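Hi there,

Here is the structure I promised to pass along, together with some notes on its aromatic rings. Have a look at it first, and then read on below.

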Amino acid sequence: MEPQKLKMKQTFLTRVSNDRQLIFMSLPIVLYVVLFSYVPLWGWTMAFQNYKPSLSFLSQEWVGLRWFKFIFSDPGFLRVLRNTLAMSIINMTLGFITAIGFALLLNELKSTGFKRIVQTISYLPHFLSWIIVTGLVASMLAVENGAINDLLVWLKIIDEPILFLSEPNYFWGIVGFTYVWKEMGWNTIIYLAAIAGINPDLYEAAEIDGCNRFKKMWHITLPGIKATIIIMLIMSIGRILDAGFEMQYLLRNGLIVDVAETIDIYVLKYGIQSFNYSLATTAGMFKNVVNVSLIFIANWIARRTGEERLI
């Protein structure tokens with residue numbers, strides 16, 4: 001063996017020996033990821049079969065790209081793809097703007113006690129299950145004794161209660177604002193952590209130069225957390241087809257089903273209710289491949305523009 005290769009091998013073995021405790025500690029996590037994230041990928045073969053549960057793997061009928069051609073010509077799938085993209089973009093946009101803005105406002109609070117109270121209250125909805133949240137939303141938007149309708153009628157903005165959950169035009173907005181209410185406080189945690197890492201001397205220098213609070217936020221705080229914003233944006237783009245399942249599934253009804261169904265509901269409908277496992281696998285596979293591809297594309301764009309990136 002060449003001296004240089006021998007030296008590299010010894011260096012690698014030395015590092016493994018020095019870090020053996022960390023390696024042993026990480027093994028359960030690695031095995032968990034492999035077992036539950038990579039081994040199930042074997043099931044993607046159903047997307048290329050006319051899968052029948054009663055047959056063995058070798059007896060399945062292979063149909064190639066038939067199901068992929070079907071979903072892209074199926075008006076139902078194109079409709080749920082539109083709904084998924086629309087609700088995901090609304091959630092991502094509102095979530096980013098409100099989380100960053102709320103973090104900036106919290107950072108400006110001088111009273112530590114009041115700041116902690118506000119943070120705690122804003123975090124609490126994150127720990128509620130979607131079943132409880134959708135129940136609250138349905139109660140708030142109810143026609144009879146619904147707080148929103150009662151308030152709007154009392155303010156004379158409307159003459160009679162509105163059937164919010166029966167009007168397709170309102171559904172995407174309801175989903176977006178519900179997501180903001182539930183997750184805004186939780187999403188601010190990472191931005192507050194990034195703000196805490198900014199050098200306080202920068203604020204003192206800006207104050208000496210006559211900057212007010214708004215200018216300090218614009219010229220110091222936002223540039224200071226720019227890298228964090230870019231990383232979070234890349235990760236959010238990688239979830240562009242994950243618009244949600246529970247809220248849409250629980251709030252939908254026959255009047256708004258055309259705008260409420262997402263890809264996840266489509267997979268449930270065909271995979272569980274209709275027993276068409278091949279079609280459901282195809283739709284789920286399409287969603288995951290698109291999400292992963294968008295992560296790499298967003299990361300590549302960030303690298304080409306000189307911004308922070310995941311890899």
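Tyr270 has a relative accessibility of 24%, so this residue counts as partly exposed; the cut-off for buried is under 20%. Please keep in mind that this is a predicted model.

Tyr266, by contrast, is buried, at a relative accessible area of 3%. Both tyrosines belong to helix H14, which covers residues 263–273. Tyr266 and Tyr270 are four residues apart there, so about one helical turn separates them.

Now for the ring pairs. A pair of aromatic rings is described by the distance of the centres and the angle of the planes. The model has 14 aromatic pairs. Phe77 is buried, with 0% relative accessibility, while Phe72 is partly exposed at 42%.

What about the rings of Tyr266 and Tyr270: how far apart are their centres, and at what angle are their planes? The centres lie 4.6 Å apart and the planes are at 50°, so the pair is tilted. An angle under 30 degrees would have made a pair stacked, and one over 60 edge-to-face.

Technical notes. Residues are numbered from 1 along each chain as its sequence is written. This is a predicted model: local features need pLDDT of at least 70, side-chain atom pairs count only at pLDDT 80 or more; totals for chains, interfaces and linings use all residues. Side-chain values use heavy atoms; hydrogens and water are left out. Rings of Phe, Tyr and Trp (its six-membered ring) pair if their centres lie within 6.5 Å; planes under 30 degrees apart count as stacked, over 60 as edge-to-face and the rest as tilted. Buried means under 20% relative accessible area, exposed over 50%, partly exposed in between (1.4 Å probe, protein chains only). Helices (H or I, at least four residues) and strands (E, at least two) are DSSP runs, numbered from the N terminus.
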